Amino acid sequence: MLKELVEFMARALVDSPELVKVSEIEGEQTSVLELRVAKEDLGKVIGKQGRTAHAMRTILSAASTKIRKRAVLEIIE
Amino acid sequence: MPTLEIEGKSLEDAINLACEEYHLPREMLEIEILSKGSSGIFGIVGARKAKIRVAPKQLPLTAAADRGKAILTEILTFVELPTVVEAESRDDHVFLNIISNGSGLLIGKRGKTLNALQYLVSKILHRELDAPISVVVDTEDYRTKRETSLTELAHQLSTKVKRSNRPLTTGPMNSQDRRIIHLALKEDQEVRTKSKGEGNLRRVVIYPAKRGKKSPESAAEAASDS
């Protein structure tokens with residue numbers, strides 16, 4: 001679910017949605033979600049002053065709170 | 001939204017492309033046929049592409065409201081919470097209301113989650129529709145409650161400023177919250193307000209007005225903090 005959430009948000013923001021890849025590394029309590037996008041789209045998922053990335057992380061943590069987990073969003077260059 | 005000229009292999013093809021482009025069904029588009037196109041002889045010689053000129057029929061705001069609702073609904077399906085989104089186009093913005101179980105999960109600390117949702121939906125909407133449409137996302141009447149409590153805070157602070165004759169500063173606030181403070185004290189002749197600081201740390205300073213004159217700055221500040 002968390003993986004799909006990140007995928008959906010990222011795809012809606014970039015120019016090349018087909019190049020959006022999210023991999024989930026599940027831990028006992030914490031999941032790490034690694035987001036990869038096309039080089040040109042990196043700025044779009046990060047946003048001005050990291051605002052977009054921040055918004056995605058906030059929504060992600062709300063979604064993970066609901067399932068009693070923690071999630072970390074990493075944007076991989 | 002802008003008028004577009006779209007080409008396709010056939011008329012049907014061009015119209016489908018147009019629908020995709022605007023994220024609207026065919027009935028919602030104003031379509032003018034520029035060239036019908038022909039497949040030529042055996043589809044090789046003299047093939048011409050069909051060309052149409054398209055503009056959306058309905059008010060952009062109504063379209064934006066529908067699209068915004070769809071985007072927000074989709075994001076919320078990934079949060080395991082039963083939610084329904086209502087959309088409404090108001091004078092100058094799109095209003096999206098989330099109906100949920102009232103746990104406050106979607107609001108977050110000081111509206112953090114709600115603001116993140118609002119920011120993301122409007123960002124996606126700008127991209128798709130190529131028009132700056134402002135979006136307000138609300139749930140459980142949070143925005144109204146916030147406005148009431150901020151207005152109250154503004155009045156309390158202004159009373160203190162008037163009594164002590166010294167400026168006071170609010171905590172860090174986002175632009176919407178600052179705007180509420182500016183507007184709450186706009187009519188007050190004895191104080192003036194100004195935003196100070198950078199980025200996330202921007203706050204509102206409330207100054208005692210100099211005797212005999214009221215600067216018009218506050219009104220301008222409210223406009224810039226919209």
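How many residues does the contact take from chain A and from chain B? It takes 21 residues from chain A and 18 residues from chain B. The model shown in these views is predicted.

**View 1. The interface of chain A and chain B.** About 1900 Å² is buried between chain A and chain B, and carbon and sulfur atoms give 76% of this area. Four residue pairs are in polar contact across the interface. On the side of chain A that touches chain B, the elements giving two or more residues are helix H1 (2–13) and helix H3 (51–66) of chain A. H3(A) provides the largest share of that side, ten residues. By type, the residues of this side of chain A are 13 nonpolar, three polar and five charged.

View 2. Between chain A and chain B the count is one salt bridge. Its partners are A:Asp15 and B:Arg127, with the closest N and O atoms 3.1 Å apart. Within chain A, A:Lys44 forms a salt bridge with A:Asp41, at 3.7 Å between the closest N and O atoms. A:Asp41 is buried, at a relative accessible area of 1%, whereas A:Lys44 is partly exposed at 28%. Shared partners join A:Asp15, A:Asp41, A:Lys44 and B:Arg127 into one network of salt bridges.

**View 3. The largest nonpolar core.** This core has 54 residues, and A:Leu35, B:Leu72, B:Ile75 and B:Leu120 touch the most other members. Helix H3 (residues 112–129) of chain B gives the largest share of the core, nine residues. Apart from neighbours within four places in sequence, B:Ile75 is in contact with A:Leu5, A:Phe8 and A:Ile59 of chain A, and with B:Leu117, B:Leu120 and B:Val121 of chain B. A second, separate core of twelve residues includes B:Ala154, B:Met173, B:Val191 and B:Val204.

**View 4. Two salt bridges within chain B.** B:Arg53 forms a salt bridge with B:Glu5, the closest N and O atoms lying 3.2 Å apart. Because B:Arg53 lies in strand S3 (residues 50–56) and B:Glu5 in strand S1 (residues 4–8) of chain B, the pair ties together parts that are 48 residues apart in sequence. B:Arg53 is partly exposed at 32%, and B:Glu5 is partly exposed at 45%. B:Asp188 forms a salt bridge with B:Lys162, with 2.9 Å between the closest N and O atoms. B:Asp188 lies in the loop between helix H5 (175–184) and strand S8 (191–196) of chain B and B:Lys162 in helix H4 (residues 142–164), so this pair ties together parts that are 26 residues apart in sequence. B:Asp188 is buried at 16% relative accessible area, whereas B:Lys162 is partly exposed at 33%.

Notes
Residues numbered from 1 in each chain as written. Chains lettered and ligands numbered in written order. Predicted model: local features only at pLDDT ≥ 70, side-chain atom pairs only at ≥ 80, totals over all residues. Heavy atoms only, no water. Contact = heavy atoms within 4.5 Å. Buried area = accessible area lost by both parts, 1.4 Å probe. Salt bridge = Lys/Arg side-chain N within 4 Å of Asp/Glu carboxyl O. Polar contact = N/O pair within 3.5 Å; in protein donor to acceptor, adjacent residues only side chain to side chain. Helix = DSSP H or I, 4+ residues; strand = E, 2+ residues; numbered from the N terminus. Nonpolar A, V, L, I, M, F, W, Y, C, P; charged D, E, K, R; others polar. Core = buried A, V, L, I, M, F, W, Y, C linked by side-chain atoms within 4.5 Å. Buried < 20%, exposed > 50% of the residue type's maximum accessible area, 1.4 Å probe, protein only.
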